[in-house]
Structures are given as structure tokens and as C-alpha cells.
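Biologist: I am new to reading structures. Could you walk me through one, feature by feature?

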Amino acid sequence: MANVDKFDVIVAGSGMSGALAASIIAKNGLSVALLDRNKPEEVGKKTNWGWVCGDAVAKSHLDFIKKHVNGIDFDYPELDKKVDGVYAISPDMKSKFMFEGEGYVLNRPIFEKKLLDRAIKNGAHHMMEFEVEGPIIENNFVVGIYGKDKSSSHREIRAKIVIDALGIATTIRRKLPDNNFVDRHIHIDDIESTGRYIYSFEPVKDDDMFYDPNNALIHLNQELAPGGYGWVFPKNGNKINVGLGVQKRSLDIRNQKLNKKDTLHTLMDAYVKWNPVIKNPVLDNQFNNGKGYWSVAVRRQMESLVFNGYMGAGDSMAMPNPISAGGIGPALVAGILSGENAVNAISKNDVSINGLWDYNLAFNDVYGKKTAGLEVFRVYLQSLNNEVINYGMKNFFSGKEAEQLSYGQIPELSLASKFKMALKGAANINAFSDLIYVVKKMKTLNGIYNDYPKTPDTFDHWKETVIKEVEEAKHRFQPNPV
Ligand SMILES: Cc1cc2nc3c(=O)[nH]c(=O)nc-3n(C[C@H](O)[C@H](O)[C@H](O)COP(=O)(O)OP(=O)(O)OC[C@H]3O[C@@H](n4cnc5c(N)ncnc54)[C@H](O)[C@@H]3O)c2cc1C
């Protein structure tokens, strides 16, 4: 016979989003179970490979937490290294745009432990070494979860609301009843396969296009990282977080065209070798976290983040930024907003889709409304080869416009359009007119998301409109890495 427990809220997954959701709920006096498969000292570890991540987060997102979570603050060692900005660099290494402003590279295991400690201090009931296997569904409501506890015994835990913070491989969202609110599947073209190393090394020369102790660097290069990018993020001391993400379809096309058999692993090693500043890197295996592989979704977040009795936050809802794959910020924001809205829904005694809808509105307002536009920009970028990216980064944008884009704002292309008449080469002229199309599409999508349905009644029609717009762009832009 299964053990059954009951709480107001279950938060499944104690990563970035889950620990914050539980903190907020517990602080408001509700009973909350925070479940994670890891031991407390390894909380937030995504897989056996560790806390696989580039660990870069904008300062503004940490400020958001400080504003919403009582008395929390961050410092060294969880903020391992301050960076002035994130720069995107063109394949020919000639153009460099600031992509995001001030931020930090985290010491992830320490940061996650701090969030867990705060949740426990606020009164969350943490159940570690608990494997969540799926949702309990009754009358089309999520009413709990089932799984295996520390001693491998089958357990059922029930609650008024389940918050799914299990990350991209979530066993809850994927087992929801068939419904039009929360998609159960993510298309493989919308996933980046990623991997990263943490190395200590002696820089053998100064070249801030390859390693910059004060800035995070992103290398766009369709041959080195087809359909994605490589990154070199500085850590404290002579250490770096270096990694690479690829889209599988782009990698296959690139391999076929170049008659190569590269995999994510061979590309990662080739990327490290390609970097002239990094010589003789030594794996930094603190917390057994030196090397790992995992996936990131780079589509817009799920159109609805709620179902009856169910809310999702972070990677379980495909929240990372579609261009940068930055998912820490939205996970932190969603953790807080899901917690706040779960408390409100329970106080109103309505945990149906209707009662939870305000969370959709809140997340859309703070972060979500820009992501569909960014997804369209992502598919556009994946359709350009190195030559066109080089040309485009030199001629299409001013630095300011590129930065606007990274924040999800729509560049007016006022400056760039001046160059239009001077553009050279059919591929470049096509890429520029495609860019005009993309910017227009981003504006349309921003408009649609500004009109996010105030209640679930008009959601179906709204979602159809979003899908139509995004699919039209996906049809137009096919991956074309080389
Ligand atoms: C290689 C790589 C590089 C990245 N670089 C960056 C970056 O530099 N900046 C950035 O902002 N974002 C980056 N991201 C994305 C970022 O890591 C994620 O968006 C972020 O971790 C999401 O947090 P989360 O809380 O939603 O999920 P997760 O961090 O995935 O946490 C989920 C938690 O749930 C637990 N869990 C999962 N399944 C179960 C289960 N069945 N039962 C019990 N527990 C379970 C996990 O063990 C984990 O503790 C990167 C991702 C990858 C893979």
C-alpha cells in the first residue's frame, strides 16, 4: 500500500525555479513539499553529469529576487565572478556586439544550496532523494504526484496545486492529460544539445575576442557550433566555463555538406582547441561538476503555463531565451511568480485553469511576451551561413540595435536601412530583406502577446494565431549552416 501525504502545494524539482517557488509559498504560511531527486548537498544538480550550465545570469534577474524574497542577498562565493556584459562575436572575429549588460557567472552548486536553505528556513518541507515519476490525475485535475522515495518505496503525495519545476525532462508535463493549454512535447528542432567544461588554465596570450576576464563571450560560428554557438565565460581565478550548443538538424546538414562525422563531443573539443588563449586546460572537478551534457529548449515558453491544479516554471515550460538559451533569469522570475500566484489561487479557493490564470498574465507581462518574437529571430539566424552572418553583423545592425534585439525589443532598423542601397551580393541582399520580414514578424508577435487572453475562454483562438505566425516563419527559414 502506498504512503500518501497531503500538502497545500507540491513543488517538484528544487532547481532555480522550484526552490524560489517553495520559499514564497512557505513564507505565506501554506504547507509546501519541495521534492528533488538529489541529496541536499547536491541540490539542483540536473543529471549525473552535474549542474550543467554556462551559469551566466543578468544582474537584473538577481535584483528581481531580492525585491521579492524577504532578506535574501547574494555575494561571493555563490556569485563567482562579476561580468560587465555578454558579447556576441561574428564567425570572422571582426564584429562584436554587446548582447546583455552587467551580470554574474555563478558558482552554481553553492547558489542552489543557498536557495534551498532559504526555502527550508521559510518552512518548506523538503523531501530530497525523491524521484518524481508522474502526476496523479483525477477529473481532469492534477491532484498530486507519484514517485519513489529515498528507500525506493512507491509514494503518492497529494496537494491542491502541483508546481512543475523539474526542468526540461519533466515527468509531469509530459504526462498531463491531452489538452490545448500546455504542450506535452517539444519539437527536436527547438532543442539545443549542449555541453560544457569548467577548466583552469593559464592564458598564453591576451586576446579579448577569445577570452576576456571581464566579459562573457559568445562565438557565433555555424561550422564550429551549427545552429547554436560556443561560449567562453570567465570564472574567478584563471578558470573558465567553456561550452557549445548545437541544433541536431543543423549539425546533420553541416556534417553531410562537409563530409564530416562530428558530434557534440568532438565539436566541444575542437572549440577548445580552436581557442588560441586556452592552452593545456585542466578540468576543474569541484563538486564533480567539471564536464557535462544536457539540453535546452529554445522555443517560446508554453503558451499556457497552467492547467487544472498545475503550474509550470523554468525549463519544464521551455522558458529559456530562444536566442541566447539563457534560462536562469526566466526560471528565477517564474519561480517567484508561480509561488505568489499559487498562494493567491489557494486563498481564492480556485485552483482550476481559471483560478491559476493570473500566473500566465504575470509571467507574460514580466518576461514571456518577448519570446515568440525571439524564436522567429532564432530560426532566421539558423538559416544563415558564416559568410552572411559576418556580413550582416558588419552591415545590418548598429550595436544599439543588436542589444535592443537581445532584450526582446524590436530594432527600428533605421540606421541599417541606410545601408540597404549599398549592400553587396545576392545572398546578403536576401538576408537583409529576410531581416526586414523578421522584424515585422517580431512586431506582429509582440502585438499578439500584448493581447494575451485575460481569461482562458479566448485562449484557443489566440494560440492558433501565435502558431500560424511562428510556423509561417519556420517554413520560410530552414537551417542552412554551410
Ligand atoms: C550546457 C548549458 C548551458 C547553459 N547556460 C546557461 C547560461 O549561461 N545562462 C542561463 O541563464 N541559462 C543557461 N542554461 C539554461 C539553465 O541552465 C536553465 O534554464 C536553468 O537551470 C533552469 O532551471 P530550472 O529550475 O527550471 O530547472 P533545472 O535547473 O533543470 O532544475 C530541475 C531540478 O529538478 C530535479 N529533477 C528533475 N527531474 C526529476 C525527477 N523526475 N524527480 C525528482 N527531481 C527531479 C533536477 O535534479 C533539478 O534539481 C544552460 C543550460 C545548459 C544545458
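Predicted model: local features only at pLDDT ≥ 70, side-chain atom pairs only at ≥ 80, totals over all residues.

Biologist: How many residues surround the ligand, and which are the closest?

Modeller: There are 41 residues around the ligand, and the closest are Gly15, Gly54, Gly167, Gly314 and Gly327. Several elements each supply at least two residues of this shell, among them helix H1 (16-27), strand S12 (191-203) and helix H6 (328-347).

Biologist: What classes of residue make up the shell around the ligand?

Modeller: The shell has 17 nonpolar, 16 polar and 8 charged residues.

Biologist: Now the backbone, please. Which residues are joined by a cis peptide bond?

Modeller: Look at omega, the angle about the peptide bond. Between Tyr76 and Pro77 omega is about 10°, and the bond is cis. You will find Pro77 in the loop between helix H2 (59-68) and strand S4 (79-83).

Biologist: And phi? Where does Asn140 lie?

Modeller: Asn140 is not a glycine, yet its phi is positive, near 65°. Its place is in the loop between strand S9 (131-138) and strand S10 (141-148). Phe287 also has a positive phi, near 60°, and lies in the loop between strand S16 (278-283) and strand S17 (291-297).

Biologist: Why does Phe287 count as partly exposed?

Modeller: We count C-beta neighbours. Phe287 counts as partly exposed because it has 16 of them inside 10 Å. Asn140 is partly exposed too, with 13 other C-beta atoms within 10 Å.

Terms used:
Residues numbered from 1 in each chain as written. Helix = DSSP H or I, 4+ residues; strand = E, 2+ residues; numbered from the N terminus. Buried ≥ 20, exposed ≤ 12 C-beta atoms within 10 Å, placed from the backbone. Near = placed C-beta within 6 Å. Nonpolar A, V, L, I, M, F, W, Y, C, P; charged D, E, K, R; others polar.
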